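Please keep the view at hand while I look things up.

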Amino acid sequence: MPAEEVHLFLNPTAGRGRAGKRQARILELLAASTAKIIIHNSSAVGDLENQVAAAVKSGARRLVVAGGDGSIHEAVNGIFAAGKDAALGVIPTGTGNDFAKACDIPLDWEHATRLLADRLREQVTARRVDIGRCNDRYFANGAGIGFDAKATRVARSIRLPIGDIVYLIAIVRAMSDGVATPNMRITGDEFQWHGPVTLANIANGPWVGGMFHIAPAASNADGEFDLVIAKPVTRRRILGLLPKLMKGTHVDEDEVVVHRVRRLQVATDEVMPSHLDGEVQPLQSEFDVELLPGALRLL
């Protein structure tokens, strides 16, 4: 009987190039699964997503992604674009690895790969996690509108190999020309907000940017988002809130509102920066966000 196939998708640039350097070792560790490993390397933004969609449409049912949150974002969108069921395994080799943290996947990539190989060999039943949809895109860990999206864009422009600290530097740089507080109309699940906002974060998992505990109570298996709204704050106040944000104690501050929702609509008076799983999106002024309970099978 032929060995089952597992498709490994690897983004060589993830984690500032660390993923590519680890490819040989990842293949060596996955060999313990006894599965036939078919490797796919992405070469540009969007390539991994297209390769995943093509593989799933052709019958692939067990996928593994070695990369960071951006690679997982592309894989999830590829799976849902294909319109067929496929299970996803994750080897965290990115910078922030927020989705891995939310799923209790070890951040030691070798340990995570060994555990994944064991599960593949033993054909452990995949667990299900919630997925979000914003307009026509899906997200695994979270969506952000406003200042956090602006900081994310700055972080993507920093090419230094400095790990999670890149997001801290990005926040400081993003404040250099001031902190915008646009009017947002947010409606969802018996919740309404209309007024100026620094940011609105729709959290499926508790972490963003690797080091920020944006929604401490969020879980991607509870069938709800944690909506985190920050009221207008000054640059000095943002700096004061950062230590609390890293600890998750910012939710007790007067400027922060947290509400549980399954679906919401956000409308702004002007086009706004936004991100999904740390991937910068085109400027938009309307966001239709929905939670899809248990939509993804996780190996």
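Here are my entries, one topic at a time.

**Ground rules**

I am working with a predicted model, where local features need pLDDT of at least 70, side-chain atom pairs count only at pLDDT 80 or more, and totals for chains, interfaces and linings use all residues. I number residues from 1 along each chain as its sequence is written, and side-chain values use heavy atoms, with hydrogens and water left out.

**Entry 1: helix 4**

I began with helix 4, residues 69-82. Helices here are DSSP runs of H or I with at least four residues, strands are runs of E with at least two, and both are numbered from the N terminus. The expected span is 1.5 Å times one less than the number of residues.

Next I looked at burial, where buried means under 20% relative accessible area, exposed over 50%, and partly exposed in between (1.4 Å probe, protein chains only). I found 12 of the 14 residues of helix 4 buried, so the helix is largely enclosed by the rest of the structure. Among them are Asp69, His73, Glu74, Asn77 and Ala82. Just after the helix, I noted that glycine 83 has a positive phi of about 75 degrees.

**Entry 2: strand 11 and its sheet**

Is strand 11 buried or exposed? Six of the six residues of this strand (225-230) are buried, so it too is largely enclosed by the rest of the structure. I see Phe225, Leu227 and Ile229 on one side and Asp226, Val228 and Ala230 on the other, and both faces are covered.

Which strands does it pair with? I count a pair when DSSP finds at least two bridges between two strands. Strand 10 (residues 199-203) joins strand 11 by five bridges, running antiparallel. Strand 12 (residues 256-261) joins strand 11 by six bridges, also antiparallel. For landmarks, alanine 203 is opposite aspartate 226, while valine 228 has valine 258 of strand 12 as a bridge partner. Asparagine 201 is also a bridge partner of valine 228.

Stepping back, I traced an open sheet of six strands in the order 12-11-10-7-14-15, with antiparallel pairing. Strand 12 and strand 15 (279-280) are at the edges with a single partner strand each, so one side of each has no neighbour in the sheet. Helix 7 (residues 147-157) packs on this sheet and touches strand 7 (142-146), strand 10, strand 14 (274-276) and strand 15. Its direction makes about 105 degrees with that of strand 7.

**Entry 3: two helix pairs**

I then followed helix 7 to helix 8 (residues 165-174): their axes come within 8 Å and cross at roughly 115 degrees. Axes are lines fitted to C-alpha atoms, for helices over the stretch in contact, and angles run from 0 to 180 degrees between N-to-C directions. The crossing is right-handed, meaning the near helix is turned clockwise from the far one by less than a right angle. The contact (heavy atoms within 4.5 Å) includes Phe147 and Val154 of helix 7 and Tyr167 and Ile171 of helix 8. By class, I get nine nonpolar, no polar and two charged residues. Ala, Val, Leu, Ile, Met, Phe, Trp, Tyr, Cys and Pro count as nonpolar, Asp, Glu, Lys and Arg as charged, and the others, Gly among them, as polar.

Helix 2 (residues 23-30) and helix 6 (residues 109-122) pack at about 30 degrees, with axes 8 Å apart. This crossing is right-handed. Arg25 and Leu29 of helix 2 and Trp109 and Leu116 of helix 6 are among the contact residues. The classes here are seven nonpolar, one polar and three charged.

**Entry 4: alanine 180**

I found alanine 180 in the loop between helix 8 and strand 8 (183-188). At 54% relative accessibility, alanine 180 counts as exposed. Leaving aside neighbours within four places in sequence, alanine 180 is in contact with Val197 and Thr198.

**Entry 5: strand 16**

Last, I listed partners of strand 16 (residues 284-298), including strand 4 (residues 87-92), which runs parallel to it over two bridges. Strand 5 (residues 127-134) pairs with strand 16 in the antiparallel sense over seven bridges.
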